[in-house]
Structure formats: structure tokens, C-alpha cells
Amino acid sequence: MYIVLTPDDLSKLKPETLQDLRAQLGVGASAKPPGAENSGEFDWEDVVDLTIGQVRELMEWCSKETVDGLKVIAEHGPVIRADLLNAVGITNYAHFQGRVTKRTRTVTKNRHAYLFTWDNGSSAENEAAGCGHYAVTQFTFKSLRQYFGMD
């Protein structure tokens, strides 16, 4: 017997159900973006995969500025340099990061969850650029792109 689940079907599942399915199918936790998966620069612990349904819920209470920042990640991600957010008026990266984290924890009901991870802002490259990078999982990246009608 075969069961086919579309991305829309998956978006309607509870996060726990989705995690159970992934575990049963042998699909590992967060699919890290190419080039970042083996990088020691990012800490992927507690970075969650959001379904399209969870992204919709996340966006419901986000400010326009935060939505615009997440759109930048959808357009240029799954890994971006933080200064790309300047184009949409986000210059206080810590505030943006905090607001997104709070909403992510509310949506997932996981008080340890993060939507994205970040690298060491004090590396030589990041010091020269004046900022570091943000990264989301491939799964979340696809959900963000779908939410914004990019895929």
C-alpha cells in the first residue's frame, strides 16, 4: 500500500505527528542548507522545521517589518548575511531575532525552539562585514517560499 502526502497535507498535520512521520520514515531532524550542514559555524540544536501551516500561524501576529525580514530570508536564503535585512528597515538584528524566536516558540509550543541559527559574529569575515549570518533549515526555507508564493 502507498500513501501520498502533498506539502499541503503535511502543513495540516500537528507538529508532533509530522515529527513522528519523519522518525518512522527515517528522515532525520532538520535538513540543514547546503554548505551549512557540516559547518561548525552554526549551532542547529533546537532549530525547528516549520510547515507552511505553522508559517501562516507565525505570520498572523508578526509586524510588517518582521514579515518583510522573513521574506528576505525566503528570497535569498536559506543562509543570508544579516545586513540584507537592512533593505527592509531591520537594523537591530537582535530585536528581529528575539521577536521571531518568541513567535516560533508560541507556534511550536516548544520553549526551546528557534526558527533560525546564526554564526559567530566575531569571526574575521563577519567583523569585516559588520554582521553575521542567519540560516533556516531547508524544510522551513521551502515553507517560507511557499508562504510568499515563490514556489
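**Figure 1. Arg105 and the ring of Tyr114 in the predicted model**. Arg105 is positioned over the face of Tyr114, 4.7 Å from the ring centre.

**Figure 2. Helix 5, residues 93-108**. The 16 residues of helix 5, at 1.5 Å a residue, should span 22 Å, and the end C-alpha atoms lie 22 Å apart, in agreement with that expectation. Buried residues of helix 5 are Tyr93, Phe96, Gln97, Val100, Thr101, Arg103, Thr104, Val107 and Thr108. Residues three or four places apart point the same way, because an α-helix has 3.6 residues a turn. The cover over the buried residues of helix 5 includes helix 3 (52-60) and helix 4 (64-76), together with strand 2 (117-118) and strand 3 (133-135). Lys109, which follows helix 5, has a positive phi, near 60°.

**Figure 3. The aromatic pair of Phe96 and Tyr134**. The whole structure contains 6 aromatic pairs. In the pair of Phe96 and Tyr134, the ring centres are 6.4 Å apart and the planes meet at 65°, so the arrangement is edge-to-face. Distant parts of the chain are linked by this pair, since Phe96 belongs to helix 5 and Tyr134 to strand 3, 38 residues apart. Phe96 has a relative accessibility of 3% and counts as buried; Tyr134, at 5%, also counts as buried. Ring pairs join Phe96, Phe116 and Tyr134 in a cluster.

**Figure 4. The aromatic pair of Tyr147 and Phe148**. The ring centres of Tyr147 and Phe148 are 4.9 Å apart, and their planes lie at 85°, so this pair is edge-to-face. Tyr147 has a relative accessible area of 31% and is therefore partly exposed.

Definitions and conventions:
Residues numbered from 1 in each chain as written. Predicted model: local features only at pLDDT ≥ 70, side-chain atom pairs only at ≥ 80, totals over all residues. Heavy atoms only, no water. Helix = DSSP H or I, 4+ residues; strand = E, 2+ residues; numbered from the N terminus. Expected span 1.5 Å × (residues − 1). Buried < 20%, exposed > 50% of the residue type's maximum accessible area, 1.4 Å probe, protein only. Contact = heavy atoms within 4.5 Å. Phe/Tyr/Trp six-rings, centres within 6.5 Å; stacked < 30°, edge-to-face > 60°. Lys NZ or Arg CZ within 6 Å of the ring centre and 35° of its normal.
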